[in-house]
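Biologist: Can you walk me through this one? Start with the aromatics, then the strands.

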Amino acid sequence: MRGNNLVKLNALNSLAFATGTVTLLLSSVSSVSAYTIYTNRTAWEAALATNPSYKITTDTFSNPISSAQSITLDSGIVSTNSAPPTLPNPPFNNNSVSIVNSGVYDNASGTLTGASDTITWQFPATVLAFGADFSRIDELTLTGNFDGTGDQTISINPTIGGENGFLGIIGTAEFSSVIFANNTTAVDSFSIDNASFATKVPEPNAVVAFAILGGSLFLIKKAKGS
């Protein structure tokens, strides 16, 4: 009888261990799929500094760029407004840099005439993080696939606590673009400054390999030429 009880006890312990292991695994998956939001640039940059595999590029919008449906920012980001409207648009000068307000990116989102339904920022490479200083924000939203599970949408104003402030994202998966939009039918004109993103630094071995490959091709070309 005691042997039977021991077998049952071992079986219960095994079940408890298995259940705990499954719970731990599920918890790990849950935590892995979460991205992190920052409302303080210093904290956002400090968190990225713990991962030396990524470098931060910041666009200060110092150089004027005329309003157009699609423009390439100095950082390499391609900013594209959905139609309508056809740009340039004199009331807002949508999708422009330093034209309406000096030293910032200006645009307007909404479903009314004079604003774009969505604004897509395509990064020059996949990024792990994105952050920017926003001003005059009312109903603007930010959407991106920050954890590799599908698009998530953030309402900027309530997240940063008002019309002006910093919003930063550090994802758990790399993403290639973000989309600005408006969750109402009103027009929300806004400005962005110091738009930053974090891209992966090439591995040293890869850099050396490319250098060797380039040198080899040069020598082959030179040998053929002689």
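**Aromatics and strand pairing**

Modeller: One aromatic cluster is formed by Tyr35, Phe61, Tyr105, Trp121, Phe123, Phe130, Phe134, Phe146, Phe175, Phe180, Phe190 and Phe197. This is a predicted model: local features need pLDDT of at least 70, side-chain atom pairs count only at pLDDT 80 or more, and totals for chains, interfaces and linings use all residues. Residues are numbered from 1 along each chain as its sequence is written, and side-chain values use heavy atoms, with hydrogens and water left out.

Biologist: How many aromatic pairs does the structure hold?

Modeller: There are 12. Rings of Phe, Tyr and Trp (its six-membered ring) pair if their centres lie within 6.5 Å; planes under 30 degrees apart are stacked, over 60 edge-to-face, the rest tilted. Phe146 and Phe175 have ring centres 5.0 Å apart and planes at 85°, so they are edge-to-face.

Biologist: Where do Phe146 and Phe175 lie?

Modeller: Phe146 is in the loop between E8 and strand E9 (152-155), Phe175 in strand E10, so the pair ties together parts 29 residues apart in sequence. Strands (E, at least two residues) are DSSP runs, numbered from the N terminus.

Biologist: Is Phe146 buried or exposed?

Modeller: Buried, with a relative accessible area of 0%. Buried means under 20%, exposed over 50%, partly exposed in between (1.4 Å probe, protein chains only). Phe175 is buried too, at 4%.

Biologist: Switching to strands. How many bridges join E7 to E10?

Modeller: 12, with E7 (residues 118-135) antiparallel to E10. Strands pair if DSSP finds at least two bridges between them. Thr120 has Ile179 in E10 as its bridge partner.

Biologist: And E8 to E10, how many bridges?

Modeller: 4, also antiparallel. Leu142 is bridged to Phe180 of E10.
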